[in-house]
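Welcome, and please open your viewer beside this page. We will go from stop to stop, with something to select at each one.

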Amino acid sequence: MPVMSSLARFPRELDSLERDLLLWVLPKERSGYAEYRTFVEAWPVVAAGRRGEGNYILAEPGWVVDIDSPLPQLLAYGVVEHALGALTISLRERFGRQLEFELEGGSDCIDLAALRQIRRWSFSEWLPSQPCPSCRSRIREVTMATTAGQALVLVLCSKDHRIWVQDGQTGVNALIPVTGFYNELMLQTGIHDPKIALDPKSLFELPGAYSDSDLISAFASYNQLRNKVALAGDLILAGQHKVNWIQGIVGTLTGKKKQPGHKKEF
Ligand SMILES: [Zn+2]
């Protein structure tokens, strides 16, 4: 049985499972998610999204829904693993007065409560010094601070190829698209060699190749473009790049056989 019948008429209220799952990826105790929780609790489902079953758009009554603009970036992501598979919950950044979400792998998920849940995790729940919520591996944490005293942590999981930034003030874990971040890293480190510059995977395959200050500079630059995290003051940058060293290492790996397939990007 699909999440919702394709014959569903709009507007409709979120069903209780949809509401519970969306609120779950927006933890109540993290102040930065509060505004999104109010949208989930107040706005009706007004349209289907472009990605098929399970993809819907919430909107403020009276708002004219736009499904032609580029898909907003991911705000929150979680997975419920159960006896019959996994259900993923994706919630995207607000676009005007509309909010798009997707419940994937949802066949039978309507009866999820009755299924044997193995575990559930979301990136929103992560706290500093914890392992990756997805794969439970150790992750790289880079502590950042602004001139106004705001504390942040930049996190990289090499196993999942994921990057996020925690804002200590709001508790939000902002998911950072790898390609955009990597482009800024290449610019900030002055790496032009296409074998490296066009291969974001090398960020994860060479853990430690980039210094903390390289990563902070890349995030500062990325955030100026995308405004992912509201910063009080400027990020404090320090240290030096390791460009020549990285290029040397990657150069020795260029003959290495590449693994097929690609990771899903945020
Ligand atoms: Zn991971």
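**First stop: a loop histidine**

Select H161: with 18 C-beta neighbours inside 10 Å, this histidine counts as partly exposed. The classes used on this tour are buried for 20 or more other C-beta atoms within 10 Å of a residue's own, exposed for 12 or fewer, and partly exposed in between, with C-beta atoms placed from the backbone. H161 sits in the loop between β8 (151–157) and β9 (162–167). Check its backbone too: phi of H161 is near 60 degrees, a positive value in a residue other than glycine.

Before you move on, note that this is a predicted model, in which local features need pLDDT of at least 70, side-chain atom pairs count only at pLDDT 80 or more, and totals for chains, interfaces and linings use all residues. Residues are numbered from 1 along each chain as its sequence is written.

**The whole chain**

Now zoom out and colour by pLDDT, the predictor's confidence in each residue, from 0 to 100. The chain has a mean pLDDT of 87, with 83% of its residues at 70 or more. Select residues 1–5, where pLDDT stays under 50 and the model has 12 contacts beyond four places in sequence. Then select residues 240–263, where the pLDDT is below 50 and the model has 25 contacts beyond near neighbours in sequence. Where pLDDT is low, the predicted coordinates should not be read in detail.

Switch to a cartoon to see seven helices and 10 strands. Of the 266 residues, 33% count as buried. Two residues are in contact here if their C-beta atoms, placed from the backbone, lie within 7 Å. Among contacts between residues at least 6 apart in sequence, 62% join residues at least 24 apart.

**Two crossing helices**

Select α3 (residues 178–189) and α6 (residues 212–226), whose axes come within 8 Å and cross at roughly 120 degrees. The axes are lines fitted to C-alpha atoms, for helices over the stretch in contact, and angles run from 0 to 180 degrees between N-to-C directions. α3 and α6 are therefore oblique to each other; angles under 35 degrees count as roughly parallel, over 145 as roughly antiparallel, 65 to 115 as roughly perpendicular and the rest as oblique.

Show side chains at the contact: on α3, the residues include F181, L185 and Q188, while those on α6 include A218, F219 and Y222.

**A buried leucine**

With 22 C-beta neighbours inside 10 Å, L203 counts as buried. Leaving aside neighbours within four places in sequence, L203 is in contact with Y182 and L185. Draw a C-alpha to C-alpha distance from L203 to Y182: the two are 7.6 Å apart in space and 21 residues apart in sequence.

**Loops and a cis bond**

Select R136, in the loop between β6 (117–122) and β7 (140–145). Its phi is near 65 degrees, again a positive value in a residue other than glycine. R136 is partly exposed, with 13 other C-beta atoms within 10 Å.

S69 is in the loop between β2 (55–59) and β3 (74–82). With 9 C-beta neighbours inside 10 Å, S69 counts as exposed. The C-alpha atoms of S69 and F95 are separated by 9.4 Å, at 26 residues apart along the chain.

Finish at P11, in the segment before α1 (16–24). The peptide bond from F10 to P11 is cis, with omega near -5 degrees.

Conventions
Helix = DSSP H or I, 4+ residues; strand = E, 2+ residues; numbered from the N terminus.
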